[in-house]
Amino acid sequence: MAKQSIVPFGPQHPVLPEPVHLDLVLEDEVVVGAVPSIGFVHRGLEKLVETKDFKNYVYIAERVCGICSFGHGMGYCEAIERVMNVEIPPRAKYLRTIWMEMSRVHSHLLWLGLLADALGFESLFMQSWRLREKILDVFDLMTGGRVIFSVNTPGGVLKDVDGDMLRQLLRTVDELQKELRPVADSFLREYTVGSRLHGLGVLGPEQAVELGAVGPMLRASGVRYDARQLGYAAYPELDFEPVVLTEGDSYARCELRLRELTQSFDLIRQAVGKLPEGPIAVPVKGNPDGEYFMRIEQPRGEAVYYVRANGTKFLDRFRLRTPTTSNIPPMLELLHGCQLADVALLILTIDPCISCTER
Amino acid sequence: MANIRFLPFAHTALKNLFSRPATTKYPFEPAVYPERMRGHIEIAIADCISCGLCARACPPGALKTDRAAGTWTIDRFDCVQCGSCVIACPKKCLRMAPGYCAPGPDKRSETFTRPGFPPPGEKPAAPQPAGPAPEEPVVAQAGGKPVNDTSTCVFCTLCAKKCPQGAITVDRAAKTWKLDADSCVGCGICVSACPKKSLKLR
């Protein structure tokens with residue numbers, strides 16, 4: 001047996017901006033064990049629900065994460081609406097769907113840029129983020145914020161959109177689809193990118209389910225599960241099929257996210273086409289009483305929102321399980337037997353958001 | 001090795017060479033902000049009634065209102081630009097304006113004083129006791145709790161519906177009008193909503 005040594009990895013690491021610390025047990029260059037520790041950016045946002053009005057807590061819920069912010073606000077609002085038996089207007093449902101899919105586009109483009117950066121492919125990184133900037137501009141136009149949107153409220157949405165904004169959105173989606181093609185080609189057909197990704201960190205379907213992988217991790221391993229099919233917002237009225245790949249390696253996870261981008265473009269076009277007229281919110285009177293367990297599909301995977309209310313304006317408990325929390329055990333499994341040089345890349349393929357996880 | 005492509009980025013590189021840059025030279029070229037952008041909060045201080053609803057709605061607690069001094073204070077560094085105060089303001093004197101605040105080396109708060117109140121800093125003894133009293137319009141708008149004249153009141157419940165705090169309870173059958181003085185912020189919205197002019201702020 002080779003001599004084992006322990007190499008600390010993170011929380012500050014040049015490749016990985018996320019504050020996760022790993023103790024890597026190495027035999028020569030091969031990782032034989034990894035012990036994660038998190039807790040560097042805990043902010044106690046769940047606890048704040050006990051001291052803030054449940055309507056104002058939306059602003060805190062969406063500030064849990066800078067990338068999934070829209071989803072967190074929406075998941076929290078949908079849970080509250082179900083506790084209070086509030087049916088939101090159809091236009092609000094469609095607007096939430098459009099913004100959720102735009103969030104997915106900007107999250108996946110961000111991830112593609114980070115992947116290119118981890119590979120040392122700087123120009124591809126710049127190209128991905130240049131495209132992401134276009135969708136952020138449309139967000140700024142429609143909601144008034146680039147990454148924190150503050151448009152959700154229990155009972156609907158706070159801002160309506162007009163025809164000009166929708167036309168601008170559709171123009172941007174068309175542009176993005178056209179300009180994504182050469183970028184996607186570089187990720188999928190470039191020899192150097194492929195040599196780093198093919199066959200790296202293979203996760204089988206049984207393993208993925210057993211270890212609790214969610215989102216693109218799960219679907220890239222051949223498991224057909226997408227929380228959008230559970231029927232929240234306007235998803236039941238839109239036509240889509242989850243993207244599923246069977247290889248389960250890092251290349252499949254990259255390809256899956258690229259295909260989900262195209263799927264999101266399609267969903268945005270469908271939702272804009274079907275966007276009904278009408279009010280954007282219904283008044284919510286009284287205080288919630290009861291509990292609900294809401295699941296939504298964030299760009300990074302399935303997120304769970306649990307609320308327990310006691311009939312006052314302060315909730316008893318808000319629990320948020322982010323996709324990264326579920327994806328850490330499969331990530332540790334991937335690290336077994338990989339090369340030290342691939343560790344950062346493998347961590348990146350789960351699209352980690354440690355700040356989200358620690359809340 | 002078969003799928004190695006020759007100069008795959010040549011097309012992109014050439015295109016970039018002859019097209020406008022994707023970025024702007026920001027401090028030299030002014031940034032263009034969309035109309036809805038939530039950059040910073042502006043207050044029309046003349047319309048403010050110091051009701052304190054904005055401070056209650058503010059998630060990070062960046063706002064402070066002082067009814068006696070007639071001031072509205074914002075800590076720009078604590079403000080998260082959520083726009084919650086703008087929705088809560090019963091007088092619609094707050095708005096989110098485009099453009100970011102200038103950065104600074106220390107955390108400073110900004111204080112606005114309502115017209116008719118002494119500016120912050122100098123605290124003269126003379127106008128203080130008679131603070132809002134000589135200013136008739138200010139008193140008429142706010143600064144007190146609503147009192148109902150039941151001889152003219154028709155118990156139409158409009159005041160209760162308009163109250164941002166839900167502090168008024170009206171029972172049409174029993175002909176009662178009740179005010180929860182603790183939650184009332186004295187904004188005077190009920191007074192302007194009353195069709196019979198039977199409400200007054202005292």
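This is a predicted model: local features need pLDDT of at least 70, side-chain atom pairs count only at pLDDT 80 or more; totals for chains, interfaces and linings use all residues.

Colleague: Why is Leu45(A) called partly exposed?

Modeller: Leu45(A) has 17 C-beta neighbours inside 10 Å. A residue is buried at 20 or more and exposed at 12 or fewer, so Leu45(A) counts as partly exposed. Leu45(A) lies in the loop between strand 3 (30-37) and helix 1 (57-61) of chain A.

Colleague: What makes Ile60(A) a contact of Leu45(A)?

Modeller: The criterion is that the C-beta atoms lie within 7 Å. Leu45(A) is in contact with Ile60(A), and also with Val64(A) and Arg359(A), when neighbours within four places in sequence are left aside. The C-alpha atoms of Leu45(A) and Ile60(A) are 7.1 Å apart, but that value is taken C-alpha to C-alpha, whereas the contact rule refers to C-beta atoms.

Colleague: Why is helix 3 of chain A described as largely enclosed?

Modeller: Of the 30 residues of helix 3 of chain A, 28 are buried, so the helix is largely enclosed by the rest of the structure.

Colleague: How do you know that the span of helix 3 (residues 90-119) of chain A is close to the expected value?

Modeller: From its first C-alpha to its last, helix 3 of chain A reaches 44 Å, and 44 Å is expected at 1.5 Å a residue. Gly120(A) follows this helix, with a positive phi near 85 degrees.

Colleague: What makes up the side of chain B that touches chain A?

Modeller: Contacts link 17 residues of chain B with 18 residues of chain A. On the chain B side there are eleven nonpolar, four polar and two charged residues.

Notes. Residues are numbered from 1 along each chain as its sequence is written. Chains are lettered from A and ligands numbered from 1 in the order in which they are written. Helices (H or I, at least four residues) and strands (E, at least two) are DSSP runs, numbered from the N terminus. The expected span of a helix is 1.5 Å times one less than its number of residues. Two residues are in contact if their C-beta atoms, placed from the backbone, lie within 7 Å. Ala, Val, Leu, Ile, Met, Phe, Trp, Tyr, Cys and Pro count as nonpolar, Asp, Glu, Lys and Arg as charged, and the others, Gly among them, as polar.
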